[in-house]
Amino acid sequence: MKPRRIREIFWFSLSGLCVAIVVGMLGLVIGFIVVKGASVISWEFLSEMPRNAMTEGGIWPAILGTLLLSLGAIAFALPLGLFAAIYLVEYSRDGKLRRWIRIGVNSLSGVPSVVFGLFGLALFVNFLGFGACLLAGSLTLGLMVLPTIIRATEEALKSIPMSFREASLALGATRWHTTVRVVLPAAVSQILTGVILAVGRAAGETAPIMFTAAVFFTKRLPTGLASKIMALPYHIYALMTEGTHPAEQISMAYGTALVLLMLVLLVNGAAIFFRIRARKGKKW
Amino acid sequence: MVDVQLTHRAVLPEELVAKVEIEKLDLWFDGVQVLKGITCTIPEKAVTAIMGPSGCGKSTLLRAMNRLHDLTPGCRIRGKIRLDEMNIFESGTDVYELRRRVGMVFQRPNPFPKSVFENVAYGLKIHGRPGRAELDQAVEKALRDANLWDEVKDKLHRSALDLSGGQQQRLCIARALAVEPEVLLLDEPASALDPISTAKLEELIEELQSSYTVIIVTHNLQQAARVSHYTAFLMLGELVEFGVTDEVFTAPSDQRTENYLRGIFG
């Protein structure tokens, strides 16, 4: 065989191998969690309160807490991010200002999540006096996913052709009208994709809620924004590091991890659905 | 001289009223002068063609007339454009009302990703809150005026993006007509269309001329000769010649126009 052919086979096989490793690892992670966690999954596990120092019962409060935290984070971050992105793409004329804002937003997305946790503790919990609760945790998570939402919305808005805006403006529409009636409807599927991925990220984070919202155990389900809550990622962390029955707690932790994994995969599945829809509707 | 067909277009409308007056118009993009001292008067209810080689500023001139350059950072304008005596660049001008009065159709058909009906209704909804019956009526009228009604009446609620290119362009005209403009700016409206669609579009332009002041940018000489009463010839941002189409094509007063018509450059 010629050396050229050998080189070709070598590099082709090597890159194929890398793909196999990546896919294998992914399969391994999911498989590992499923095998270790599946044994504790039951209707009772999903729907009941924990009992006997976390060694029995379910994780319903943690599931509910994670759902509420994610929803709260989005309720805070979506309007803020949406309007910020609309301003950046549709209104701001000053390229320099926009560049600085963009650098700021990008830097914000590089900040480690534990730093957001500390910031949330300082601002929401202590300074504003919310205490550790659903509200403080949601705001902290919202702040963390804000850059993702702004970026996703910006990209979505930018992908809408200028010609749509011109057509609308040439008919005598204001920029706001053009944004609301033409640009946003055309961009909504793509924006939703980004937002859903942000929800998925918020749902899985531990560090931002450690100091701001989550507790290892509460007797009551959350009743309002001021309630302390349980959450899936923090529950896993707590089961592995705290408590009095480490051995029994481990299997509960894997069960919780499996639930969290499924939840995040489900959310990402929804994102894929919207992405496909966005692509299908796009004919321009 | 280029072989162009001069038809009944040579016949002028009986009464000429100035609709758009352009006076010493200079325009810069980021300090580069694109239009230089353009002065001309565009008559009402006639078709005026703006022609010239690529990059001569003809689209730029057209887009100045509905102040679409407002959106372009780095664009500076000096001079006046009067629409019925009103200088459109004056600070008190209601730019949204101006754009309602001066409709525009673009080079590439750009219907919104909405239904045929919603496309035409869009402008009406911006400028008021029409009732359902009123809206139906206005949409039908606009589509009829754009010679499109018969082709789309059974698919009003289907996506406008499913129409052919020529139909999309006539839809864009219907969309512009729906808000009852006085002036219609057409920016090379046939450049993305096949010959049959182009013929239909030119036929439409001919019909529109009786009710609207039509200004059409084109780099197609035959088209300018076929559809227009008046022709402006632009080169490198200067208005070289403006006059009755017939005369501009047969006896241009400027050597540059003659050279262009002979195909020496451009």
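This is a predicted model: local features need pLDDT of at least 70, side-chain atom pairs count only at pLDDT 80 or more; totals for chains, interfaces and linings use all residues.
Guide: Two strands are said to pair if DSSP finds at least two bridges between them.

Visitor: What is the order of the strands in the open sheet of 6 strands in chain B?

Guide: The pairing in this open sheet is mixed. Its edge strands, each of which pairs on one side only, are β6 (102-105) and β10 (238-244) of chain B. Neighbouring strands are turned by 15° against each other on average, direction ignored. Read across the sheet, the order is β6-β7-β8-β3-β9-β10.

Visitor: How many bridges join strand β9 of chain B to β10(B)?

Guide: Strand β9(B) covers residues 230-235, and β9(B) and β10(B) run antiparallel. In one of the pairs, M235(B) has E238(B) of β10(B) as its bridge partner. The number of bridges joining β9(B) to β10(B) is 6.

Visitor: Which helix packs on the sheet, touching β6 and β7 of chain B?

Guide: The strand β7 named here spans residues 183-187. The direction of the helix makes about 170° with that of β6(B). The helix that packs on the sheet is α6(B).

Visitor: Why does the radius of gyration of chain B agree with that of a compact globule?

Guide: Chain B has 266 residues, and a compact globule with that number would have a radius of gyration near 18 Å. The C-alpha trace of chain B spans about 55 × 45 × 35 Å along its principal axes. The radius agrees with the expectation because the value for chain B is 18 Å.

Visitor: What percentage of the residues in chain B are buried?

Guide: A residue counts as buried if 20 or more other C-beta atoms lie within 10 Å of its own. This test is applied to the 266 residues of chain B, a chain with 10 helices and 10 strands. The buried share of chain B is 44%.

Visitor: Which residues of α4(B) are buried?

Guide: Helix α4(B) has 14 residues, 132-145, and at 1.5 Å a residue it should span 20 Å; its end C-alpha atoms are 20 Å apart, so the two agree. The buried residues are V139(B), A142(B) and L143(B).

Visitor: Why are these buried residues placed on the same side of α4(B)?

Guide: The buried residues of α4(B) pack against α3 (116-126), α5 (149-152) and α6 (165-177) of chain B. V139(B), A142(B) and L143(B) are the residues concerned. They are placed on the same side of α4(B) because the arc they cover around the axis is only 95°.

Visitor: Which pattern does chain A follow along its sequence?

Guide: Chain A has 11 helices and 2 strands. Of its 284 residues, 37% count as buried, and its C-alpha trace spans about 70 × 70 × 35 Å along its principal axes. The pattern along the sequence is α-α-β-β-α-α-α-α-α-α-α-α-α.

Visitor: Which element supplies the largest share of the side of chain A that touches chain B?

Guide: The contact takes 16 residues from chain A and 22 residues from chain B. On the side of chain A, α7 (162-170) and α8 (175-204) each supply at least two residues. The largest share, 6 residues, comes from α7(A).

Visitor: Is V105(A) buried, partly exposed or exposed?

Guide: V105(A) lies in helix α4 of chain A, residues 95-110. Beyond its neighbours within four places in sequence, V105(A) is in contact with P147(A), I150(A) and R151(A). The cut-off for a buried residue is 20 or more other C-beta atoms within 10 Å. V105(A) has 19 such neighbours and therefore counts as partly exposed.

Visitor: What distance separates the C-alpha atoms of I236(A) and A253(A)?

Guide: I236(A) belongs to helix α10 of chain A, residues 232-241, and counts as buried because 22 C-beta neighbours lie inside 10 Å. Leaving aside neighbours within four places in sequence, I236(A) is in contact with A253(A), T256(A) and A257(A). I236(A) and A253(A) are 17 residues apart along the chain, and the separation of their C-alpha atoms is 5.0 Å.

Definitions and conventions
Residues are numbered from 1 along each chain as its sequence is written. Chains are lettered from A and ligands numbered from 1 in the order in which they are written. Helices (H or I, at least four residues) and strands (E, at least two) are DSSP runs, numbered from the N terminus. The radius of gyration is taken over C-alpha atoms; the globule rule is 2.2 Å times the number of residues to the power 0.38. A residue is buried if 20 or more other C-beta atoms lie within 10 Å of its own, exposed if 12 or fewer, and partly exposed in between; C-beta atoms are placed from the backbone. The expected span of a helix is 1.5 Å times one less than its number of residues. The arc is that of the directions from the helix axis to the C-beta atoms. Two residues are in contact if their C-beta atoms, placed from the backbone, lie within 7 Å. Axes are lines fitted to C-alpha atoms, for helices over the stretch in contact, and angles run from 0 to 180 degrees between N-to-C directions.
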